[in-house]
Amino acid sequence: MAFTSQLTAMLSFLISLFIILPACVAQGDEAVLNAEIGRMNNQSLLWGPYRPNLYFGIRPRIPKSVATGLLWAKVDNYVEVQDSFRYTCEQHQGMAGYGWDEYDTRKGGVQQIHDAGNKIDITTEFVKIPGGGHGGSWAARIKGEPREDAPSDLKTTILFYVTSEALGDSIEIVNDGDKQGFEGDVTFMGKSQALGDYKLVVTKGNGEHPHSDHPVSGQRDLDKTVVQSLSLPEEHLWQAKQLLFKQLKEGVDEIIQEYGAENAPPPWQVYQLPNRPSTGNAHFVQKVFEGPFEFDILFSSGSASKDTTSEDLTREIKSTTDSFNERFKDVFVPQAPFQAEKYSKFGRSMLSNLAGGIGYFYGKHVVDRSYAPEYDEENEGFWEETAEARARRQEQLEGPHELFSSIPSRPFFPRGFLWDEGFHLLPIADWDIDLTLEIVKSWYNLMDEDGWIAREQILGDEARSKVPPEFQVQYPHYANPPTLYLVLEDFTEKLQKSNGSQTAGKGEHLGRGLTVLESAHVDNPTLGIEYLRSIYPLLRRQFLWFKRTQSGDLKSYDREAYSTKEAYRWRGRSVQHILTSGLDDYPRPQPPHPGELHVDLMSWMGMMARVLAKIADFVGLPEDVQEYNKALDGIQHNLVDLHWSESAGCFCDATIDEFEEHSLVCHKGYISLFPFLLGLLKPDDPKLGKILDLLGDEEELFSPHGIRSLSKKSEFYGTDENYWRSPVWININYLAIVQLRNYVLQAGPYSHQAKDLYVRLRKNVVETVYQSWEETGFAWEQYNPETGAGQRTQHFTGWTSLVVKIMAMDDLSWWVGKHQHDEL
């Protein structure tokens with residue numbers, strides 16, 4: 001890692017000049033530093049397993065570039081081969097668990113795939129090797145180890161492929177093989193406008209090969225690696241599995257034609273591709289093994305001083321593993337009662353799979369910009385009118401766009417989701433704040449002129465192939481919870497602590513254990529403030545878009561409120577769902593009404609105003625600070641005037657009743673908690689006490705496995721889809737745990753009640769996710785409030801990974817009063 005050390009030393013020196021000689025720093029010098037950090041960030045983040053929908057797929061963050069992937073299957077019989085091939089991550093595919101045991105986005109890591117269906121465990125080790133330009137070089141080691149129940153002579157075929165999407169780029173094979181294949185390594189030479197010249201080597205590797213006495217062995221030698229090259233239209237390149245099946249079928253047909261079905265060779269030879277290397281934009285490299293195996297993939301940038309070797313790979317794997325484990329101990333130190341090694345192993349896996357789910361996406365998406373008047377949702381029965389407008393199918397493709405994003409689930413949600421992303425980035429921000437800011441910027445680069453960002457980023461044909469057509473269309477009047485502001489608030493707090501305007505608490509990490517690149521925007525507040533200055537106009541545009549498009553109606557009805565401006569309603573409602581709220585089927589007022597007001601959206605708007613006031617203060621805009629504080633004041637008052645029910649003891653949605661009057665509809669659950677969850681209640685507010693009573697009531701929300709999404713007493717508990725109608729969701733529980741901790745550490749009449757709930761809830765949530773992970777090998781989308789079992793989507797390593805932060809929070813079981821606050 002000598003090159004990384006040199007970069008770190010150089011950048012440390014540059015930053016030190018800004019710290020020591022601030023008066024001498026000209027704006028031009030500041031711009032140079034900013035540009036250099038941007039360049040180095042791009043270099044260290046250019047390559048990665050940025051195709052997270054695949055079990056293993058490497059590509060750079062460049063549109064229309066080189067892409068790679070891995071496929072394998074058990075080939076011991078003729079019938080099961082098609083269903084045995086693994087390529088894209090799928091639910092319930094016979095996996096006993098899979099994912100990254102350790103992974104750092106800037107360096108690499110180790111992934112284990114426990115393929116019980118194919119009776120083999122696959123290990124993929126990936127590392128980056130800095131040097132030269134174009135993101136440097138990289139390497140991967142692929143290992144296969146038969147599982148305990150596998151036969152000793154298990155037959156496995158494994159294929160690595162490489163494609164080049166850009167017109168004019170080329171990949172040529174250095175053809176030193178023969179008609180039957182390649183005895184040793186397979187070498188490709190590539191030319192790319194974006195990447196320059198490069199070399200890609202697939203090594204011979206280690207492992208036994210099956211044998212056959214069939215006459216076809218003169219054409220298909222199982223000891224050799226075969227290559228089949230294709231020239232394909234760009235739009236077909238992502239369909240590797242279908243392409244492989246087509247080529248395999250052609251090979252099978254050739255065998256049947258020559259030898260007949262009754263005299264076919266063994267299946268491991270039938271399903272070997274004919275060796276046909278040539279020039280093309282897609283190349284399959286196939287090996288067939290018997291028993292365990294291992295081989296390397298070595299990518300060398302032409303700008304590097306030397307080619308990457310297997311020895312480099314071995315060295316870097318060890319270095320990456322050691323550095324990851326040391327950093328994890330420093331950044332996410334598990335606090336009591338989670339200090340056993342099993343929790344550290346669990347935490348490393350959760351963080352690694354969250355980071356290993358970061359992908360690069362490029363392509364067009366489907367948008368309906370008809371701006372049909374029905375989409376204003378102003379009339380009673382509006383949901384029927386909007387359904388008719390959608391049925392006119394006025395959507396069109398827009399783009400292309402690019403997005404760098406962490407995904408919720410590799411098998412089921414392998415794309416960017418706006419409301420998930422903020423939760424994803426909270427643990428990543430503690431690990432690598434500069435990576436976090438890069439992802440935030442990528443999202444805001446998608447914003448249109450009005451301030452809208454599509455809530456679901458389904459970019460390109462490959463992404464659309466995983467989504468039913470009725471869910472592909474994005475609508476510019478649809479919002480989504482602005483969770484990225486949670487990340488930006490966290491960033492502003494890091495900046496305040498870095499420059500000394502706020503005290504860092506015990507156990508907090510401000511660059512400790514991080515290299516310069518991972519914390520440059522916090523270590524040097526000048527850079528951090530410049531980042532906020534650059535993104536602020538987009539944040540303001542988004543806030544004003546929310547106020548304009550998601551406003552609630554106060555004027556048409558007899559509603560008394562402190563502010564005449566602060567009331568909000570999600571658009572995109574149907575009878576059973578408000579998908580735009582993120583809480584899908586959570587019970588809302590019935591029937592839907594254009595006079596509805598939604599307490600969760602009002603709370604999100606309050607959080608946005610609070611964060612924007614902080615950012616505007618950082619970038620020196622006092623008039624904007626005043627504007628946001630006024631909005632926040634109006635929201636905090638109107639939450640009470642429009643949404644608080646004294647009789648129910650909680651916050652509620654509002655509607656217009658049959659007498660055309662304001663009416664509260666109280667479905668106790670997550671909705672009731674939102675002003676608390678987003679920190680909008682003062683520590684001495686009596687309403688906080690009632691919210692804590694509701695949260696802690698085991699007959700309502702509190703369960704041994706976390707806070708239920710809906711009260712057990714609700715008539716809707718566990719009904720219909722039961723998506724947000726009882727299950728425990730980790731993102732909402734995380735918000736609750738954070739706020740409980742905050743109220744413990746603030747003077748107020750409810751601090752002891754908050755402490756008791758904090759200690760119990762933190763333990764319940766972590767134990768629930770851990771036990772399910774231990775039993776199934778997966779993190780899950782949601783958890784059963786009665787049994788703790790993981791439910792719905794498996795390998796949901798998005799916001800469920802927040803348990804890493806929860807384990808690292810203070811153990812407050814010892815806490816007895818406000819006077820001990822300073823010890824934290």
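Analyst: Pro591 lies in the loop between α14 and α15 (599-618), where helices (H or I, at least four residues) and strands (E, at least two) are DSSP runs, numbered from the N terminus. The peptide bond that leads from Gln590 to Pro591 is cis, with omega near -10°. This is a predicted model, in which local features need pLDDT of at least 70 and side-chain atom pairs count only at pLDDT 80 or more, while totals for chains, interfaces and linings use all residues. Residues are numbered from 1 along each chain as its sequence is written, and side-chain values use heavy atoms, with hydrogens and water left out.

User: Which other peptide bond is cis, and where is the place of Pro337?

Analyst: A cis peptide bond also joins Ala336 and Pro337, with omega of about 5°. Pro337 has its place in the loop between α6 and α7 (341-356). Most residues other than glycine have a negative phi, and most peptide bonds are trans.

User: What makes the phi of Asp584 worth a remark, and why is Asp584 called buried or exposed?

Analyst: Asp584 is not a glycine, and yet its phi is positive, at about 30°. Its place is in the loop between α14 and α15. Buried means under 20% relative accessible area, exposed over 50%, and partly exposed in between (1.4 Å probe, protein chains only). The relative accessible area of Asp584 is 18%, so Asp584 is buried.

User: How do you know whether His795 is buried or exposed, and what is its phi?

Analyst: His795 has a relative accessible area of 2%, and therefore it is buried. Its phi is near 55°, a positive value in a residue other than glycine, and its place is in the loop between β26 and α21 (803-808).

User: What makes β25 and β26 a pair, and what lies in the turn?

Analyst: Two strands pair if DSSP finds at least two bridges between them. Strand β25 (residues 780-783) and strand β26 (residues 790-794) are joined by 3 bridges and run antiparallel, so they pair. Gln782 has Gln791 in β26 as its bridge partner. The two strands, β25 and β26, form a hairpin with 6 residues between them, and Gly788 in the turn has a positive phi of about 80°.

User: Why is strand β11 described as largely enclosed, and which strands does β11 pair with?

Analyst: Of the 7 residues of strand β11 (residues 196-202), 5 are buried, so β11 is largely enclosed by the rest of the structure. Strand β10 (residues 186-192) is joined to β11 by 7 bridges, and the two run antiparallel. Val186 has Val202 in β11 as its bridge partner, and β10 and β11 form a hairpin with 3 residues between them. Strand β14 (residues 282-301) is joined to β11 by 5 bridges, again antiparallel, and in that pairing Tyr198 stands opposite Ser301 in β14.

User: How do you know whether the span of helix α14 agrees with its number of residues, and where does α14 bend?

Analyst: The expected span of a helix is 1.5 Å times one less than its number of residues. Helix α14 (residues 525-549) has 25 residues and should therefore span 36 Å, and its end C-alpha atoms are 35 Å apart, which agrees. The helix α14 bends by about 45° at Ile535, and a proline, Pro537, follows within four residues; the bend at a residue is the angle between axes fitted to the seven residues ending there and the seven starting there.

User: What makes helix α10 mostly covered, and what is its span?

Analyst: In α10, 11 of the 12 residues are buried, and so α10 is mostly covered; among them are Ile433, Leu437 and Trp443. The 12 residues of helix α10 (residues 433-444) should span 16 Å, and its end C-alpha atoms are 17 Å apart, which agrees.

User: Why is the chain called as compact as a globular protein of its length?

Analyst: The secondary structure of the chain comes to 21 helices and 26 strands. Its radius of gyration is 28 Å, close to the 28 Å that the globule rule gives for 824 residues, so the chain is as compact as a globular protein of that length. The radius of gyration is taken over C-alpha atoms, and the globule rule is 2.2 Å times the number of residues to the power 0.38. Buried residues make up 62% of the 824 residues.
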